[in-house]
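Dear colleague,

Please find the structure handed over below. My notes on what was found in it follow.

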Amino acid sequence: APCESAHTKGINCVRYSKNGELVASVGGDKSLCIYDGKDLSLKTKMEGIHTGTIYACAWAADNKNLITSSADGTCKLFEVSSDGATVQEKHTWKVAEHMSGGERHEKVPRGGMQLGCAFAGGKTPVSVSTNNQISILPMPGQGGEIEVLTGHNAPIGAVAFDHSNGVFYTGDSDGILCKWDLNKLKALERIVPADNKQLVYDVHKGAISAMRSEEHTSEL
């Protein structure tokens with residue numbers, strides 16, 4: 001099959017464009033392939049577009065913008081011509097670097113690897129990291145920073161309220177602490193432990209079963 005022969009390593013994701021005219025595939029060989037949507041003939045192959053395995057790709061509703069997400073901690077935006085013959089790289093979002101406050105890494109943090117991506121509402125690019133945080137990615141030219149949506153991915157075992165500062169904290173069975181807005185019930189951030197080089201945010205190495213917050217301070 002064309003999809004199997006185009007890549008030299010395993011294929012991780014195959015996606016049709018919204019109108020069904022084109023197909024995109026990405027995989028372990030760090031390549032992006034574009035095929036005809038009817039006969040699956042190969043139209044374009046771009047090699048080495050990421051420095052790590054590409055886990056996912058997704059089309060926008062306009063059938064031309066395509067996003068990829070990779071183990072290298074980045075997502076990339078491509079513009080694909082209507083016939084699939086031309087693919088132009090438009091932008092790179094350095095998601096893992098953003099999560100670590102702009103710090104560059106010799107080796108991509110495990111938690112910053114980008115496992116999935118999509119265009120929310122058909123036009124807003126988002127990605128999911130290994131640490132289970134969702135990043136909303138601003139389209140180039142529109143300004144703004146990457147916005148990270150956080151929370152828990154494991155059962156919550158403890159809650160502590162800080163009414164004087166309008167926040168509360170939760171702890172889960174993975175050892176992760178989250179700070180929430182008490183009025184909006186929105187997760188504001190994960191509490192960063194002393195060693196967060198892997199961007200996994202585990203304050204404790206086991207389940208959190210009890211917490212306490214002093215009312216006169218916003219610190220735990």
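**Salt bridges**

K38 and E21 are joined through their side chains by a salt bridge, with N and O 3.3 Å apart; the term stands for a side-chain nitrogen of Lys or Arg within 4 Å of a carboxyl oxygen of Asp or Glu. K38 sits in the loop between β3 (32-36) and β4 (42-46), and E21 in the loop between β1 (11-16) and β2 (22-27), so the pair ties together parts that are 17 residues apart in sequence. Strands here are DSSP runs of E with at least two residues, while helices are runs of H or I with at least four, and both are numbered from the N terminus.

Please keep in mind that this is a predicted model, in which local features need pLDDT of at least 70 and side-chain atom pairs count only at pLDDT 80 or more, whereas totals for chains, interfaces and linings use all residues. Residues are numbered from 1 along each chain as its sequence is written, and side-chain values use heavy atoms, with hydrogens and water left out.

K76 is buried at 12% relative accessibility, while E89 is partly exposed at 36%.

D202 and K205 form a salt bridge as well, at 3.3 Å from N to O, and K205 is exposed at 77% relative accessibility. The count of salt bridges comes to four. As background, side chains of opposite charge can pair when their charged atoms come close.

**Cysteines**

How many disulfides are there? The count is zero, where a disulfide is a pair of cysteine sulfur atoms within 2.5 Å. For C13, the closest cysteine sulfur is that of C57, 4.0 Å away, which is too far for a bond. C13 is buried at 4% relative accessibility, and C178 is buried at 0%.

**The second largest pocket**

The second largest pocket holds about 230 Å³ of space. A pocket is found on a 1 Å grid over the protein atoms alone, as an open set of points where a 1.4 Å probe fits, with protein on both sides within 12 Å along at least five of seven lines; its lining residues have an atom within 4 Å of a point. Grid points are joined across faces, edges and corners, and the volume is the space filled by probe spheres set on the points.

This pocket is lined by 13 residues, and Q133, V148, T150, L188 and E189 lie nearest its centre. The elements giving two or more residues to this lining are β12 (147-149) and β16 (186-190). Of the elements, β16 gives the most to the lining of the second largest pocket, with five residues.

**P138**

P138 lies in the loop between β11 (134-136) and β12, and is buried, with a relative accessible area of 19%. P138 touches W93, G143, G144, E145 and I146, leaving aside residues up to four places away in sequence; contact means heavy atoms within 4.5 Å. P138 and W93 are 45 residues apart in sequence and 8.6 Å apart in space, C-alpha to C-alpha.

With kind regards

Notes
Buried < 20%, exposed > 50% of the residue type's maximum accessible area, 1.4 Å probe, protein only.
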